[in-house]
Amino acid sequence: MHGVQGFMYPNELELQWSILIVLYPYLTGLVAGAFILASLERVFNVAAVKPTYRLALLTALAFLIVAPLPLQMHLGHPERSWEMYVTPHTTSAMAMFGFVYLWYLMVVLVLEIWLDYRKEIVLTWRSSTGLKKLLYGAMALWSDNISPEALALDHKLGGILTVIGIPSAFMLHGYVGFIFGSIKANPWWSTPLMPIVFLFSAIVSGIAAVMLIYMATCKMRGKKIDMLCVDTIAKYLYYAFIVDFTLEMLDLIHRLYVADESLMALDFMVKTKLFVSQIVIQIILGTLVPLALLASVQLLRWSAETRKVIYATCGMLIMVGIFAMRWNVVIGGQLFSKSFLGYTTYKLDFATKEGLLPALLFLIMPLAILWVLLKLLPPWEDDHSHAGEIRHGSTTGV
Amino acid sequence: MSAEASTDRREFLKDSGKWILLTGAATLAWDFVVEGAPEQAPNYRASDHWWGMIIDIEKCIGCGNCVRACKAENGVPMTDDAFRTWVERYVVMPDEPEKPIVESPNGGYDGFADLKQYGDGAKVFFVPKICNHCAHSPCVQVCPVGATFESPDGVVLVDQTRCLGCRYCVQACPYGCRYIDPRTETVDKCTLCYHRITKGLTTACCETCPTAARQLVDLKDPKDPIHEFMRTHKVNVLKPQMATGAKAYYNGLDGAVR
């Protein structure tokens with residue numbers, strides 16, 4: 001009835017963490033990765049990726065807003081989740097979630113976006129009427145000081161925030177890895193490599209997501225794709241992906257070589273229950289194929305059109321591959337018994353509280369939020385002469 | 001005057017009834033039990049106790065009395081995936097000691113079917129399982145709001161009015177002792193019959209075990225037989241490598257048991 005092979009402890013028959021928990025590391029990973037890409041331009045002065053700077057920040061915000069929702073929906077008592085803020089249990093990794101999340105959302109992301117957009121917000125506030133005026137006035141916090149000194153200060157603060165933001169982004173996602181990596185009862189999760197593997201896979205998925213969104217928005221707006229920009233992004237994607245793949249293989253080889261008690265259960269699982277999602281989707285389609293394609297761009301002289309197709313293909317394969325990686329960690333980690341003597345099956349429902357339908361909605365929701373954000377705060381430098389001037393002027397000024 | 005006399009008489013009868021029907025310790029605690037705070041009873045000081053359990057595998061006959069008693073006493077859901085205690089049957093073939101055949105149909109609630117197919121060569125024994133009430137509980141460590149906690153007398157309990165139902169503790173328990181109660185959407189587990197042991201009674205599973213394979217023990221009580229038992233038996237805990245400070249002590253624990 002429960003799809004069990006061998007022996008499971010009776011309380012283990014049903015999986016406790018569903019597809020909604022798979023979404024949690026997936027969405028936060030996209031946030032962290034997108035932010036790291038944005039910081040490439042801001043902190044490391046990689047000028048070529050500038051067209052994606054603001055887009056990356058808005059993408060990070062859109063995904064971050066949705067990230068806690070699947071967790072909230074999964075709780076048996078969502079109305080009590082505020083207790084994690086008011087009476088957190090200090091030894092619990094999970095209790096820190098709210099603080100890490102709020103820090104990242106309010107201190108890093110929202111503040112950085114606000115400082116970066118402040119001049120345009122004020123200008124729109126001044127030039128508009130009615131509801132729009134009210135909205136932008138509120139967004140400007142009714143402060144219309146956009147003197148050169150004020151803007152220079154904004155830029156300086158934004159730079160400091162990005163510097164704080166990088167370790168914060170690492171913390172946000174490394175922390176998610178720690179939630180799993182610190183569970184000693186579960187050998188599939190329990191490894192100090194988990195936060196680092198999560199982090200690099202996050203960087204890979206975030207960069208791929210912003211690259212795809214940039215290319216898609218260019219196409220939708222009928223604008224030319226800046227090839228120098230996407231080539232540079234693809235190069236960093238390739239580097240990050242090599243580190244990510246190396247770490248994951250290190251973990252796998254370590255497990256195979258050490259071959260401790262848990263290996264029998266895990267080995268069997270990878271060969272059967274996780275074969276498609278781990279070997280086929282995550283490793284072959286989601287990693288080896290895009291890695292080979294990205295390597296080919298570095299080695300061969302493809303035309304711009306071919307490169308676009310390659311990047312779009314890689315981006316989509318990576319998005320699916322990293323989702324499969326999260327799936328294999330979260331769901332895979334619950335398919336075997338902690339007795340190592342048996343396996344159960346995960347049954348994914350469709351239109352239930354923890355089914356496929358809400359999961360799909362949570363995947364679409366960030367894109368809808370991003371669409372609204374793009375309307376409110378257009379990141380396109382080709383449309384807004386203000387933006388280019390401000391950013392260029394203040395970059396030279398600081 | 002007559003009203004006072006009748007009150008006195010009623011009190012006298014009530015008190016006498018309590019003394020006759022209940023043990024001395026339970027009588028003293030009765031008012032606190034009625035108020036739902038047995039641990040505050042004057043004759044029960046949590047700091048005087050450190051509870052655990054001895055489970056003697058050689059005595060367990062796999063009858064399932066403990067499972068049935070536990071479900072009845074504690075209102076555990078009558079499904080096959082929710083147990084505060086359960087019994088496993090191990091069949092270990094001599095040539096494959098690392099690959100035991102284990103089963104626990106409906107947690108052993110209905111007992112076990114006859115075993116004939118393995119012949120005489122197999123080693124067969126029953127292993128009752130229960131929350132280990134660990135002194136360093138991983139479940140307590142991970143609970144984000146402290147809804148799961150260790151009582152001063154060494155029992156791991158859950159405050160159902162605080163539990164978020166996040167299930168992190170279920171993942172963290174190495175022994176599979178926790179489940180989600182679908183009625184409350186919160187986690188549930190063995191309380192070591194806290195409502196009974198704080199009244200001087202033993203747990204429902206120990207009470208109903210026909211062979212005394214399970215015994216509630218108080219490690220702080222110098223007169224408790226546990227001390228003699230630990231000296232004279234080869235005792236082990238489940239998964240000692242987890243270093244959880246488990247307090248369910250097994251006598252005759254085979255190396256195949258997980």
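1. Chain B has eight helices and 11 strands. Helices (H or I, at least four residues) and strands (E, at least two) are DSSP runs, numbered from the N terminus. This is a predicted model, in which local features need pLDDT of at least 70, side-chain atom pairs count only at pLDDT 80 or more, and totals for chains, interfaces and linings use all residues. Residues are numbered from 1 along each chain as its sequence is written, while chains are lettered from A and ligands numbered from 1 in the order in which they are written.

2. Of the 258 residues in chain B, 42% are buried. A residue is buried if 20 or more other C-beta atoms lie within 10 Å of its own, exposed if 12 or fewer, and partly exposed in between, with C-beta atoms placed from the backbone. Take contacts in chain B between residues at least 6 apart in sequence: 63% join residues at least 24 apart. Two residues are in contact if their C-beta atoms, placed from the backbone, lie within 7 Å.

3. Start with strand 1 of chain B, residues 51-56. Six of its six residues are buried, so strand 1 of chain B is largely enclosed by the rest of the structure. In a regular strand, side chains alternate between the two faces of the sheet. Here both faces are covered. B:Trp51, B:Met53 and B:Ile55 are buried on one side, and B:Gly52, B:Ile54 and B:Asp56 on the other.

4. Which strands pair with strand 1 of chain B? Strand 9 (residues 214-218) of chain B is joined to it by five bridges and runs antiparallel. Strands pair if DSSP finds at least two bridges between them. B:Met53 has B:Leu216 as its bridge partner in strand 9 of chain B. Strand 11 (residues 248-251) of chain B pairs with strand 1 of chain B in the parallel sense, over four bridges. There, B:Asp56 stands opposite B:Asn251.

5. Strand 2 (residues 85-92) of chain B has seven of its eight residues buried, so it is largely enclosed by the rest of the structure. Eight bridges link strand 2 of chain B to strand 4 (residues 123-130) of chain B. Three join strand 2 of chain B to strand 3 of chain B. B:Tyr90 has a bridge partner in strand 4 of chain B, B:Phe125, and one in strand 3 of chain B, B:Val102. B:Arg89 stands opposite B:Phe126 in strand 4 of chain B.

6. Chain A has 15 helices and two strands. Its radius of gyration, taken over C-alpha atoms, is 22 Å. Buried residues make up 44% of chain A.

7. Where does A:Val66 sit? A:Val66 lies in helix 2 (residues 53-66) of chain A. A:Val66 is buried, with 23 other C-beta atoms within 10 Å. Leaving aside neighbours within four places in sequence, A:Val66 contacts A:Leu27, A:Phe362, A:Met365, A:Pro366 and A:Ile369. A:Leu27 is 39 residues away along the chain, yet the two C-alpha atoms are separated by 7.7 Å.

8. The contact between the chains takes 37 residues from chain B and 32 residues from chain A. Helix 5 of chain B gives the most to the chain B side, with four residues. By class, that side has 21 nonpolar, eight polar and eight charged residues. Ala, Val, Leu, Ile, Met, Phe, Trp, Tyr, Cys and Pro count as nonpolar, Asp, Glu, Lys and Arg as charged, and the others, Gly among them, as polar.

Methods
The radius of gyration is taken over C-alpha atoms; the globule rule is 2.2 Å times the number of residues to the power 0.38.
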